[in-house]
Amino acid sequence: MGNKIKVKRQKPESVVKKAILLLEKEKGVPSPKPYKNPLEELIFTILSQNTNDKNRDRAYASLRSRFPAWEQVMKAPVQEITRAIKVGGLANQKSARIKKILKQINDRYGKLDLGFLKDLTLEEGVELLSSFNGVGPKTVACVLLFSCNKPIFPVDTHIFRIATRLGLLPEKCSDAKAHEIMNSLVPPQKVYSFHINVIKHGREVCKPARPRCGECVLRDICPSRDRFPSPEAD
Ligand code: SF4
């Protein structure tokens with residue numbers, strides 16, 4: 001360990017700027033796809049909590065096929081919703097949350113539609129979505145970024161891990177603080193690209209247990225690059 005060259009500490013803004021360029025060079029510049037409408041994205045994101053993409057997709061497809069209209073979900077007994085989304089995990093918790101949120105939306109706006117979010121400012125959208133029970137900063141950011149194309153950066157588990165390793169976030173940091181810090185660092189026009197590319201990087205290279213630092217395009221700017229033993233080929 002004695003002859004390893006330390007990475008010079010750089011300003012977080014500079015690390016983010018370089019990371020955006022390096023990841024875009026390696027993985028390309030992803031462009032936003034047409035996505036779900038805001039209500040669909042909200043429920044979809046709730047279903048994504050604590051599970052993988054495959055099970056989230058299966059839970060969402062099962063929910064939509066069992067209850068084609070949101071009104072049916074709102075009126076269904078919680079146990080039936082739980083059954084429909086079981087494959088996604090934490091089904092009891094998620095079903096109660098989904099039903100409650102649909103009821104809140106319906107009581108407040110007289111319909112199950114959040115399409116108007118697209119016409120609000122970013123701040124108004126954040127305030128509105130945060131007011132629903134059980135909707136945290138990541139869900140707020142996912143809905144506004146993916147379904148309304150607003151420049152807000154969601155911090156999921158991959159992003160939290162990589163940002164911490166890059167020295168952008170403290171090891172112990174609340175969800176709200178992590179979102180506040182990352183949103184102050186990522187330029188609005190790069191929010192989508194950086195979000196998608198960091199997640200890809202987290203799945204392919206900067207994995208939770210055995211990051212592949214030796215083949216990482218961020219290694220020259222990463223203060224954690226020597227913290228992990230080289231993984232065997234996997
Ligand atoms: S150098 Fe290692 S710890 Fe740092 S971002 Fe790359 S894979 Fe992750």
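Visitor: How are α2 and α6 oriented to each other, roughly parallel or roughly antiparallel?

Guide: This is a predicted model. In it, helix α2 (residues 38-47) packs against helix α6 (residues 91-109) at an angle of about 160 degrees. An angle over 145 degrees counts as roughly antiparallel, and α2 and α6 are therefore roughly antiparallel to each other.

Visitor: How far apart are the axes of α2 and α6, and what is the hand of the crossing?

Guide: The two axes are 10 Å apart, and α2 passes α6 in a right-handed crossing.

Visitor: Which residues meet there?

Guide: From α2 there are I43, I46 and L47, and they meet K94, R97 and I98 of α6. The contact of α2 with α6 comprises four nonpolar and two charged residues, with no polar ones.

Visitor: Turning to α11, at what angle does α1 cross it?

Guide: Helix α1 (residues 12-27) and helix α11 (residues 191-204) cross at roughly 70 degrees, and their axes come within 10 Å. Angles of 65 to 115 degrees count as roughly perpendicular, and α1 and α11 are therefore roughly perpendicular to each other. The crossing of α1 past α11 is left-handed.

Visitor: Which residues make that contact?

Guide: On the α1 side they are I20, L23, E24 and K27, and on the α11 side S193, F194, N197, V198, K200 and H201. By class, the contact of α1 with α11 has four nonpolar, three polar and three charged residues.

Visitor: And α9, how does that helix cross α11?

Guide: Helix α9 (residues 157-165) crosses α11 at roughly 85 degrees, with the axes coming within 9 Å. That makes α9 roughly perpendicular to α11.

Visitor: Which residues of α9 and α11 meet?

Guide: H158, I159, R161 and I162 of α9 meet V198, I199, H201, G202 and R203 of α11. Four of the residues in the contact of α9 with α11 are nonpolar, three are polar and two are charged. V198 and H201 of α11 take part here, and V198 and H201 are also among the residues in the contact with α1.

Visitor: A change of topic: how is the chain divided into domains?

Guide: Domain 1 consists of 12-31 + 154-221, and domain 2 of 38-147. Their centres, taken over C-alpha atoms, are separated by 26 Å.

Visitor: How many residues are in contact between the two domains?

Guide: Nine residues of domain 1 are in contact with six residues of domain 2. On the side of domain 1 that touches domain 2, α10 (175-185) and α11 are the elements that give two or more residues. That side of domain 1 has five nonpolar, two polar and two charged residues.

Visitor: Lastly, which residues are closest to the ligand?

Guide: The closest are C206, P211, C213, C216 and C222, and 14 residues surround the ligand. The shell around the ligand divides into nine nonpolar, one polar and four charged residues.

Note on methods. Residues are numbered from 1 along each chain as its sequence is written. This is a predicted model: local features need pLDDT of at least 70, side-chain atom pairs count only at pLDDT 80 or more; totals for chains, interfaces and linings use all residues. A residue is near a molecule or strand if its C-beta atom, placed from the backbone, lies within 6 Å of it. Ala, Val, Leu, Ile, Met, Phe, Trp, Tyr, Cys and Pro count as nonpolar, Asp, Glu, Lys and Arg as charged, and the others, Gly among them, as polar. Axes are lines fitted to C-alpha atoms, for helices over the stretch in contact, and angles run from 0 to 180 degrees between N-to-C directions. Helices (H or I, at least four residues) and strands (E, at least two) are DSSP runs, numbered from the N terminus. Angles under 35 degrees count as roughly parallel, over 145 as roughly antiparallel, 65 to 115 as roughly perpendicular and the rest as oblique. A crossing is left-handed if the near helix is turned anticlockwise from the far one by less than a right angle, and right-handed if clockwise. Two residues are in contact if their C-beta atoms, placed from the backbone, lie within 7 Å. Domain bounds come from an automatic or database domain assignment.
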